[in-house]
Amino acid sequence: KHSVKLFSANIRDYLGARSSQSNINNGIRQTIAQAPENFWVFNNGITALTHRIERKEEENKITLKGLAIVNGAQTTGAIGSMDSPPSPSAFVPVRFVCVNNSDRDLVSDIVRYNNSQNQVTAADFRSTDSIQKRLRQEVSRIKEAEYEGGRRGGFGSAIKRKPKLMPSFTVGQALAAFHGEPSTAYNKKSDIWNNDALYSEFFNEKTTGPHLVFVFSLLKSIEYNKSQLIEKSKSGSELTNLEKQRLEFYRLPASIFVYTYAIASALETIIGRPIGDYFALSFGFQTTPKAALKNWTPIVSATSPFTRILSKSISDGLSKTSIEDGIQSFTQQVEVAAESQTLAFSRFAKQIRNPSHTK
């Protein structure tokens, strides 16, 4: 009846079941079907938060006001998604904790310390964050786009591949690289979600759903450019000297993130106007991630010959000074090339949209 609303305070929804011995949720389903009378002994049970508990001893009842399962989403989902109800001999232990909504620290600690059965990632603990909730809603308005915002799972039993998903960690890395922290994107992808200061630097009130698509599609366009070179190299086709230099660059660690930052730094030259707020850049709500990637393709193609300039930045250990020196030289090359790329740059500039939440 209530579907994933049961897990409103949880860091995850139901993650689905896979037919393998190592899959916990599949084991839950087998136990409830094959040994229902022992289920309460084998299962850790459910922990749920509630606003009020009333005992009615004469009716042998406990009445709850409000319910949010903070541990036991997998138990609930595994049983609730079965083809038929379990045996009446099956029981599930439940622990109810009455809490006040205003005590957010306590609620957060209860959620954190009650989740250990399925592996918890750094992004999971941001899933109930108001910014992530807003970003999920905004991305849901964009066709062919899906963003979990740290929240994994759903209510179905099957574990499904999500071809349109923008993974939370990759989005965080794209944001960090685009906004001037390629070293953080490469070396500290978990810290982006764990560290409050880093998290608020990239996920804040200025961050919008369309902007996530904007930076994510740039990263994917660079990855696509890299894969094309690798495929050409493996096919036996002769690479030009420039292509060999680009491939050498792409084989360096963090190259994709450094290149993302380089293109972001050259965007004023590319679009031909000052940029007051880089978080305001997007292709709007009407552009799918696939279309956004196509928008970036000519920009990546036009600037990729200059990636050799960035190689030293990586070779020097991604030091801030070295990166900025490389970015400055890269930007200068883009300025020189702008005259020959007028058409491609002007077409790209026309795709930039106002990221207003209402448009």
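Buried means under 20% relative accessible area. Keep that cut-off handy for the exercises below. One more thing before you start: the model you're looking at is predicted.

**Exercise 1. Decide whether E243 is buried or exposed, and find what it touches.**

Step 1: Find the residue. E243 sits in helix α11.

Step 2: Check the number. The relative accessible area of E243 is 15%, and the cut-off for buried is under 20%. So E243 counts as buried.

Step 3: Look around it. Skip the neighbours within four places in sequence, and E243 is in contact with L229, K232 and E238.

**Exercise 2. Work out how α10 and α11 are arranged.**

Step 1: Start with the geometry. Helix α10 covers residues 209-234 and helix α11 covers residues 241-250. Their axes are 10 Å apart, and the helices pack at an angle of about 120°.

Step 2: Name the arrangement. Angles from 65 to 115 degrees count as roughly perpendicular and those over 145 as roughly antiparallel, with oblique for the rest. That's why α10 is oblique to α11.

Step 3: List who meets whom. From α10 you get I222, N225, K226, L229, I230, K232 and S233; from α11, E243, R246, L247 and Y250. Sorted by type, the residues of this contact are five nonpolar, two polar and four charged.

**Exercise 3. Track down the largest nonpolar core.**

Step 1: Get the general idea first. In soluble globular proteins, nonpolar side chains tend to be buried together.

Step 2: Find the core here. The largest nonpolar core has 70 residues, and F203, F214, Y259, I263, I270 and F348 have the most contacts inside it. Its largest share comes from α10, with nine residues.

Step 3: Zoom in on F214. Leaving out neighbours within four places in sequence, F214 is in contact with F178, L267, L281, S282, F283, W296, F348 and I352.

Step 4: Look for another core. There's a second, separate one of eight residues, including L49, V70, V99 and I110.

**Exercise 4. Say where A292 is and which residues it touches.**

Step 1: A292 belongs to helix α14.

Step 2: Its relative accessible area is 0%, so A292 is buried.

Step 3: Not counting residues up to four places away in sequence, A292 touches V213, S217, F283 and T287.

Step 4: Now compare sequence with space. A292 and S221 are 71 residues apart in sequence, and their C-alpha atoms are 8.9 Å apart.

**Exercise 5. Describe three buried loop residues: A254, I275 and L318.**

Step 1: A254 is in the loop between α11 and α12. Its relative accessibility is 6%, so A254 counts as buried.

Step 2: I275 is in the loop between α13 and α14. At 11% relative accessibility, I275 is buried as well. Beyond four places in sequence, I275 is in contact with L267, E268 and L281.

Step 3: L318 is in the loop between α15 and α16. It has a relative accessible area of 11%, so L318 is buried.

Step 4: Check the backbone. Most residues other than glycine have a negative phi. A254, though not a glycine, has a positive phi of about 70°. L318 isn't a glycine either, and its phi is positive at about 60°.

Technical notes
Residues numbered from 1 in each chain as written. Predicted model: local features only at pLDDT ≥ 70, side-chain atom pairs only at ≥ 80, totals over all residues. Heavy atoms only, no water. Axes fitted to C-alpha atoms, helices over the stretch in contact; angles between N-to-C directions. Helix = DSSP H or I, 4+ residues; strand = E, 2+ residues; numbered from the N terminus. Parallel < 35°, antiparallel > 145°, perpendicular 65-115°, else oblique. Contact = heavy atoms within 4.5 Å. Nonpolar A, V, L, I, M, F, W, Y, C, P; charged D, E, K, R; others polar. Core = buried A, V, L, I, M, F, W, Y, C linked by side-chain atoms within 4.5 Å. Buried < 20%, exposed > 50% of the residue type's maximum accessible area, 1.4 Å probe, protein only.
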